[in-house]
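Welcome! Let us look at a structure together and learn how to read some of its features.

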Amino acid sequence: HGAYPDGVWFAGLAALNDPAFVPGSIAAALNVQDNRGQPVLTTLVEHLNAKHLLLVLDNVEHVIDAADDVVALLAGSPALTVLVTSRVPLHVLSEREYPVHPLSLPGENQQRDMANVTQSEAVRMFVERARAVKPAFALTNETAPVLAQICARLDGLPLAIELAAAHVRVYSPRALLQRLDRRLPLLVDGARDLPARQQSLRSAIGWSYDHLSPDGQALFRRLAVFRGGWDLDAAEAVGRDLAIDVLAGLERLVEHNLVLVSALPDGEPRFTMLETIREFGLEQLGTCGEESVARSRHAEHMLAFAARADAGLRSIDGDLWLEKLFREEDNLREALRLTLWDSGDRLIGLQLVGVLFWFWFAKAGESTTREALGWLERAFEVAPPDADPVIRAKAMSGFGLMLWLVSEDERAKALFTESREIFRLSEEAWHVALVTHQLAHLLDTQGYAEEAFLLFQESLDRFEQLADPWGIVFSRLCFGSALIVQDQFERARELLEQGLERAREFGEEGWVANTSLRLGELARSQGDLQTSVRWYADALTLFHRQQWALGVAHPLVRLAQVSLELGHAETAARLLGASHVRMVDEAFGRAYQPIWGWYGEAESQMRERLGDDDFQRLWEAGRAMSMAEAVEEALSAHSPAG
């Protein structure tokens, strides 16, 4: 106790039920005799006045009104330090908060690595508590990943882990994991020497909940409908009719450790609930009969957000909106599930799929496309027969795009054609331009180049008339790319160079990178290897700056081919491996068939040049590269001095 010459003293307050008893408990802990001629607090101040000690007060939250007594002790004892454990702050001037976070968990990609699992505080606590009830319990290669999942399900909460570990008397770790879909009924019967509120997880959470105001409880219940977190706008959407300032209510929930808050890169707060606490909130929501209202408001809010994001994706802030959509993906699924499968508003479900399809297309992966098709199929199965034709047409346009990705051309063509006519009759000029572009792509991939080019030109003209920068750049990029395949190089160059100029004016690096890549394709098609390398390098640099893995893969494949053509087969194989790891599970469907074609051609040539064993060794080395390492090798290999 070098820092505290008069020692460290502990006063446990868990058994108290009245703040008035706190001074007496502190006096007993300090062995201070009660002076019947004066208040206990006065006696304590006199005793501590010249003392340099640390006083630990444990479990203060349920006697929080004793905060004034703590302040009086500090004011009368200059050398006194008080350490308080509490679920809620005391709200006194001298207070400094030190949050106690859940125990550390193995990362998702580390759950099968025994060494990483044993580094987890949560897993180590589980094993320790399990051995207390079953001494033979062991952490093995087989049980390690299961324990990692159990601790993750329990959010790393010490009480939850302690209660769960006690069940290894009866259940194997795998059987216990299977029973954690509903945590709260299982996590009961804690140690008898714990306060009653800590003998089950439901009681522990319920204690904090019971100390909220009625409107604070209502806000907490409604926020439980969010999966993966929410922002202030979302909280206000579900709590707008409550007699409570929502921001102040959130601050109160954070104080009670029912809600966590973190700062996003732009400085805005993001709120979340641990899944264990969210389960309790949903139970209370159902018990109070408010679930239908809360979920409806959640769905309405997610539709409004998705509509803003859909427009935002086609703006200079497109990358920021894509990040926001990824962040809200679980909430969007919840809204789709409610409106398309449960008892929610089917019209909202139809509107949602109509504004989410471009996000699904941008994600590109096979699982995303299959999921999107499932939502779209269901949306049309349950769509209200009297739905606004324009709402239906927007969903048709998205449905057609997803079907085109999986080569269901006839269904896609019918949907594009019908939605285009609805948009034309409704004078929805922007949507006419977009679906015309989609129809052009479909016809082009079917081999009807002449008809497709007429539609590409019509789409471009419409976007020009609307002075829509995104549409202009997009149309020029796709039209130019289609012309390259047909060897119409001069017209392609004109469109791509004009598109690049507009993309730079627009200020969106993603479009600059994509157009640079297509200009590389143009130069390669004309046999100008040096110029193509320059364009590929420009695209690679920009895609890397954006940290877009799939974007990086395109120029990497092409630069791998160039390396092979220049006689650098080992570099080529490494770059091909680096590109592959960034394509798997992402580059899916018709839109990405060209890159897989280039990849397959390059792999065959490299295996022939190097032999299967050497190719595989170098390819694996490339797959192990970080994105930065792969980009550096590609740029170094093809720099003017390289």
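Q: What should I know before I start?

A: This is a predicted model, so to speak a computed one: local features need pLDDT of at least 70, side-chain atom pairs count only at pLDDT 80 or more, and totals for chains, interfaces and linings use all residues. Residues are numbered from 1 along each chain as its sequence is written, and side-chain values use heavy atoms, leaving out hydrogens and water.

Q: How many aromatic pairs are there?

A: Rings of Phe, Tyr and Trp (its six-membered ring) pair if their centres lie within 6.5 Å; planes under 30 degrees apart count as stacked, over 60 as edge-to-face and the rest as tilted. By this rule there are 23 aromatic pairs. Helices here are DSSP runs (H or I, at least four residues), and strands are runs of E (at least two), numbered from the N terminus.

Q: Which residue forms an edge-to-face pair with W470 besides that one?

A: W511 does, at 6.1 Å centre to centre and 80° between the planes. W511 sits in helix 25, 41 residues from W470. Ring pairs link W358, W470 and W511 into a cluster with F357, F361, W430, F463 and F474.

Q: Is W470 buried or exposed?

A: Buried means under 20% relative accessible area, exposed over 50%, and partly exposed in between (1.4 Å probe, protein chains only). W470 counts as buried because its relative accessibility is 2%. W511 is buried too, at 13%.

Q: Which charged end sits over the ring of W470?

A: A charge sits over a ring if NZ of Lys or CZ of Arg is within 6 Å of the ring centre and within 35 degrees of the ring normal. Here the charged end of R314 sits over the ring of W470, 5.5 Å from its centre. Likewise, K324 has its charged end over the ring of W321, 4.2 Å from the centre.

Q: What is the strand order in the open sheet?

A: Strands of a sheet pair through backbone hydrogen bonds, either parallel or antiparallel. Two strands count as paired if DSSP finds at least two bridges between them. This open sheet of 3 strands has the order 1-2-3, with parallel pairing. Strand 1 and strand 3 are the edge strands, each pairing on one side only. Strand 2 is joined to strand 3 by 4 bridges, and L57 stands opposite V84 in strand 3.
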